[in-house]
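Happy to walk through this one with you.

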Amino acid sequence: KISVGAGSMCYMIVGGTRGRWEFVVGGSTLAQISSAERQAQKGTIVFSDSALYFLGGKKNCIGHFLDSTTRFYVLQGLRGPRKPLPNVCPDQDRKVEPNVLQAFIPGAAQFRMDVVTESTAWLGEQRKLTILFINLPGCAHPSLDTVQSVMGIVQGICYTFEGALNKLVMDDKGTSIMVAMGLPPLSHQDDPFRGVQVALRIQSELRAINVKSAIGVTTGRVFCGSYGSSDCEEGFQRR
């Protein structure tokens, strides 16, 4: 099943601790797709009312509303001739200095990029990791100042205990952050203990700035690898 939303979005570049920055996207459109996804059934494509508006409304679409009480539309096709898509990346050939991009590359990924060869590049592996999932339920649409304050706290504590900030997401469930302990080149026998210490300190410092948090901590064997193509490749951890 696929959910589609449309509307204004905001993006932020936050962090800065030890030269590391995070790019995060937020806005009401994320809430739209989350709501649409909950309504969607297997094998369907569900549009929010805003996404339907940008398609030109029902006159340009084949489908139906889920029911009379919702504003979600099950899309089955489009009417009329298909127009060619415009070029949405006019600056795709613009060169960016490597040192600018390096500030957004996770430390574990940068380590691999520095040490691997062509024959061993991006091999997956099983590692014992301690993962922290930090949810901020009251921060579904936080201000830039709040996100920057939260990220400063999380980065500072995470890096003090030699962990890695893996992911930052903003959606209708709030702001969520994932931290990993044990990624290369920083792995320790006491990573589970470090993870608990990180969780306690983060929650304490977030409470001091009136930000509520719910933090889960787990330890286990995790497959660490990459996915994508040579043009766009990302890393992931999967238990």
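Predicted model: local features only at pLDDT ≥ 70, side-chain atom pairs only at ≥ 80, totals over all residues.

User: How many helices and strands are in the protein?
Analyst: Helices (H or I, at least four residues) and strands (E, at least two) are DSSP runs, numbered from the N terminus. Counted that way, the protein has six helices and 11 strands.

User: Which residues have the most contacts inside the largest nonpolar core?
Analyst: A nonpolar core is a set of buried Ala, Val, Leu, Ile, Met, Phe, Trp, Tyr and Cys residues joined through side-chain atoms within 4.5 Å; buried means under 20% relative accessible area, exposed over 50%, and partly exposed in between (1.4 Å probe, protein chains only). The largest one has 27 residues, and those with the most contacts inside it are Ile177 and Val179.

User: Which element gives the largest share of this core?
Analyst: The elements that give two or more residues to the core are β2 (10–15), β7 (125–136), α5 (144–160), β8 (164–171), β9 (174–181) and α6 (191–208). The largest share is eight residues, and it comes from α5.

User: What does α5 pack against through its buried residues?
Analyst: The buried residues of α5 are Val147, Val150, Met151, Ile153, Val154, Gln155, Ile157, Cys158 and Tyr159. These buried residues pack against β2, β3 (21–26), β7, β8, β9 and α6.

User: How many Å does α5 reach from its first C-alpha to its last?
Analyst: The expected span of a helix is 1.5 Å times one less than its number of residues. With 17 residues, α5 has an expected span of 24 Å, and its reach is close to that, at 24 Å.

User: Is leucine 144 buried, partly exposed or exposed?
Analyst: Leucine 144 has its place in helix α5. Not counting residues up to four places away in sequence, leucine 144 touches Met12 and Val14, where contact means heavy atoms within 4.5 Å. Because its relative accessibility is 46%, leucine 144 counts as partly exposed.

User: How much space lies in the largest cavity?
Analyst: On a 1 Å grid over the protein atoms alone, a cavity is a set of points where a 1.4 Å probe fits but cannot get out, and lining residues have an atom within 4 Å of a point. Grid points are joined across faces, edges and corners, and a volume is the space filled by probe spheres set on the points. A search of the whole structure finds one cavity of 30 Å³ or more. The space in the largest cavity is about 50 Å³.

User: Which element gives the largest share of the lining of the largest cavity?
Analyst: The lining residues include Thr146, Val147, Thr175 and Ile177. The largest share, four residues, comes from α5.

User: Is arginine 127 buried or exposed?
Analyst: Arginine 127 is found in strand β7. Among the residues it touches, leaving out those up to four places away in sequence, are Gly182, Ser187 and Cys224. Since its relative accessible area is 17%, arginine 127 is buried.

Conventions:
Residues numbered from 1 in each chain as written. Heavy atoms only, no water. 1 Å grid on protein atoms, 1.4 Å probe; cavity = no way out; pocket = protein on both sides within 12 Å on 5 of 7 lines; lining within 4 Å.
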